[in-house]
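Subject: Structure handover and notes

Hello,

Here is the structure I promised to pass on. Please open it first, then read the notes below it.

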Amino acid sequence: MRILKFGGTSVGMPQTIQELLLPVLVEYYRQGRAFSVVFSAFSKVTDTLIETAQRAARGDGTYLSLFEKLRQRHAEAVEALLKPENRPPLETALAEHFEDLSNILHGIYLLREVSARSLDFVVSFGERNSALILTYAMQQAGIPTEYLDARRIIRTDARFGQAQVLFEQTNALIRAHYAQHHGAVQAVTGFIGSTEDGLTTTLGRGGSDYTAAILGAALQAEAIEIWTDVNGVLTADPRRVKKAFTLPAMTYREAMEMSHFGAKVIYPPTIRPAMEQGIPLLIRNTFNPSFAGTYIGPSLPAEEERRHPVKGISSINQISLLTLEGSGLFGVPGMAARLFGAMAREGVNVVLITQGSSESSITFAVSPQQAELARQAAEREFVYELRSGLVEPMRVENDLSVVAIVGEGMRYTPGISGRLFQALGRNGINVVAIAQGSSELNISVVVPAADETKALNAIHEAFFLSDTKSLHLFVVGVGLIGSALLEQIRRQAAFLRERRRLEIKVIGLANSRRMCFDEEGLDLAKWRMLLENAELPFSMTAFVEHMERLNLPNAIFIDNTAAEEVTRYYERILDASISISTPNKLAASAPWEQYRRLKETAERRGALWRYETNVGAGLPVISTLNDLLASGDRIWRIEGVLSGTLSFLFNHFTEGRRFSDIVQEARQQGLTEPDPRDDLSGADVRRKALILAREIGLPLELEDIPVESILPPRCLEAPDVEAFMEELRQYDEYFEALRAEAAGQGRVLRWVALIENGQASIGLQRVGPEHPFYGLDGSDNMVVFTTERYAERPLVVRGPGAGAEVTAAGVFAEVIGMSAALSARG
């Protein structure tokens, strides 16, 4: 014997019943399997019945329109499911049901009151009507079926709305009934029972599942199947965690724990009767009947426990945390008993309890609706201690959530707690309280309610998707660098997902006019169209607010602009535990206090602030420097040709060529700023030198770095670019003299940034064949590190130091590297 239960969504529409539910039952019958079926009310009918009764109690005559809609819905189901010749007896029975319902509703309307007893009777019609209709549908499908009103076999006390089952009487009634009706499939009404006096009762939330479990336990069924609208018990709530997946198996205790912490597929009392008899539960999907679903039983194979020591992640949204603390608690027996005795007397449901080993405080969680009641009860109980100053007034914290990981295998697996707190820590989620029982079946943490979804996703990735990491990118700036970056991500996405187990999603995108967002990831093949059609006007404030509101784990903000306005939001972004990758130099070369504040904020919030491309575009300059420092090397000197433009100018400045002609050539190739003086002034190189100096711990400002001017005053004072170029031609002999002097010494001219002895400077240097700068060509950049380890032969980093493609590649590589760094931070 198997007990099959079908929920409201499974019987929600006649089409679902006809195309999905009935074929399942026909197949069971065809295989010769003994089974009974428990039915819930049609989808939303219970809620409608409650609303109808409440309107009647308020004297609102519109209850009649709801009543008629209910009658019509059931009549339409009969018409859709049954042939005309099979309808009359069912229509007669339903008419009697609706007459009874009409009479009780009219009585409620006249009395202007609906008691719990009356409400139970009203809502019972949901299951009574659905089971009756489905009995006839099963008969028409060729399955010999009898309608069984569960009020005949399930005996309860008179706690209306949440009746307690009297199992001794109930089990005897069930067995007696089945002994007399073993030839036909029983179609049983879920959710309802009756008192010894014959009064209708309901079994509370999830009552139809409970009905199935009661039947299964009484009949010693081989299994109880709960048919619903999901593929089984999932690792997390799929509405909150998009990557949640179905668990193949779990234990009773794990299922109970998951249910307590908010899992909606199963209801705690459902499991108890089955658990006592060792009867497995199967959670199946009516809409996907070929899927095996989830097995819930007494125990699981050791291999399964090792594979998934954590079975699931659940949460309770919106709880309040109350703390009783003070010196009067220390070493005094009975304090906890007094506190929780007071809670019990007031009917306060305590969700979670935690107490430090110092015994100076007790913290517990309740629903926000009961927080004030709990506070008052505790302060009445400890009124003497409060007056004496032995305890502090109760501290109440609101807007919190409980997130719990559940699994029997956790107690045998070291490092579970470490992985949990590392996942939360690296995403900037503050843990307010922790609770864990000695059985290690559950570890619960209290977090800010605003971080609940982020915590669920971060933990789920840590335990269930540890081989696959997700990064959520927010990109501002889609010019040359930004557009190249998006194309590189698009082209490489499949490779990273398959070979590196890294999934990169661009969640937000903005240019100077518009912005767009998609929590599932924007389609990068259409990003231009998406931005062009975006309805949201761009503002940096709104963009940041949207990032904060989404509150996604492993989030990275990418600033592809050169705008100071964007950098003003860096501190706020980092404070939201959102990491930053950027080629924008302005923040890393900002005043020292601002720079230090950004570094401290990133460290405090577990975020990363990376700016590798600030100095060498795609060259690994800063990362190489940090590796040297991290491994204990001592930096003696850093020399750098840090401008692709200036590198091009002096690499091509050879005998027979005029300096002004080379500048003009660089302009024509797009290697200079619109006004070449911006390059020749050394301002950009100064920022890069400052960034490198700060990486080795020098608290320098821009003005601390002298820049030798290579341009005569008259060139600098020219009113426009053409006037500048004309003036520059007048000084070709001056520059030729500099070149010739260097050549006479066997040297060449290079524009060099130098960091040494705690100072930095920038100027024109003459270097000989022994120096790495001597062989530079094209527009390459080069950085030379002379260190304790690299003293005789310095460490050299060389390559293209500018260009949209290489800079975008540098940002892309940095982002990929940040995924590993974020995983390692706790």
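Gly-632 comes after helix H23, and its phi is positive, near 95°. This is a predicted model, where local features need pLDDT of at least 70, side-chain atom pairs count only at pLDDT 80 or more, and totals for chains, interfaces and linings use all residues. Residues are numbered from 1 along each chain as its sequence is written, and side-chain values use heavy atoms, with hydrogens and water left out. Helices (H or I, at least four residues) and strands (E, at least two) are DSSP runs, numbered from the N terminus.

Start with H23 itself. Its buried residues are Val-621, Ile-622, Thr-624, Leu-625 and Leu-628. Buried means under 20% relative accessible area, exposed means over 50%, and partly exposed lies in between (1.4 Å probe, protein chains only). Seen down the axis of H23, the buried residues fall within an arc of 160°, so they line one face of the helix. The arc is that of the directions from the helix axis to the C-beta atoms. Asp-627 and Ala-630 are exposed, on the face of H23 turned away from its buried side. The cover over the buried residues of H23 includes helix H22 (613-616), helix H27 (683-695), E24, E27 and E28.

Now the sheet. It is open, has five strands in the order E26-E25-E24-E27-E28, and its pairing is antiparallel. Two strands pair if DSSP finds at least two bridges between them. Strand E26 (759-767) and strand E28 (795-800) are the edges, each pairing on one side only. From one strand to the next, the twist averages 20°. Strand E24 (residues 635-641) and strand E27 (residues 780-787) run antiparallel and are joined by six bridges. Ile-635 stands opposite Thr-787 in E27. Helix H23 (residues 621-630) packs on this sheet and touches E24, E27 and E28; its direction makes about 10° with that of E27. Axes are lines fitted to C-alpha atoms, for helices over the stretch in contact, and angles run from 0 to 180 degrees between N-to-C directions.

**Strand E16 and its surroundings**

Six of the seven residues of strand E16 (residues 442-448) are buried, so the strand is largely enclosed by the rest of the structure. Strand E14 (residues 395-406) pairs with E16 in the antiparallel sense over seven bridges. Here Ile-405 stands opposite Ile-443. Strand E15 (residues 433-436) also pairs with E16 in the antiparallel sense, over four bridges. Ala-435 stands opposite Ser-444 of E16.

Look at Pro-448, which is found in E16. Pro-448 is partly exposed, with a relative accessible area of 23%. Leaving aside neighbours within four places in sequence, Pro-448 is in contact (heavy atoms within 4.5 Å) with Asp-399, Leu-400, Ser-401, Asn-430 and Val-432. From Pro-448 to Ile-635 is 187 residues in sequence and 44 Å in space, C-alpha to C-alpha.

Helix H14 (residues 416-425) belongs with this part. Ile-416, Leu-420, Ala-423 and Leu-424 of H14 are buried. Down the axis of H14, its buried residues fall within an arc of 95°, so they line one face of the helix. They pack against E14, E16 and helix H15 (452-464).

**A mixed sheet**

Another open sheet has seven strands, ordered E20-E19-E18-E17-E21-E22-E23, with mixed pairing. Its edge strands are strand E20 (536-537) and strand E23 (609-610), each pairing on one side only. Strand E22 (residues 579-581) pairs with E23 in the parallel sense over two bridges. Trp-609 in E23 is the bridge partner of Ile-580. Helix H16 (residues 480-499) lies across strand E17 (469-476), strand E18 (502-510) and strand E21 (555-559), and runs at about 155° to E18.

**A helix pair**

Last, helix H4 (residues 88-111) and helix H5 (residues 116-140). Their axes come within 10 Å and cross at roughly 170°. That makes H4 roughly antiparallel to H5 (angles under 35 degrees count as roughly parallel, over 145 as roughly antiparallel, 65 to 115 as roughly perpendicular and the rest as oblique). Residues making the contact include Leu-94, Phe-98 and Leu-101 of H4, and Phe-121, Phe-125 and Arg-128 of H5.

Best wishes
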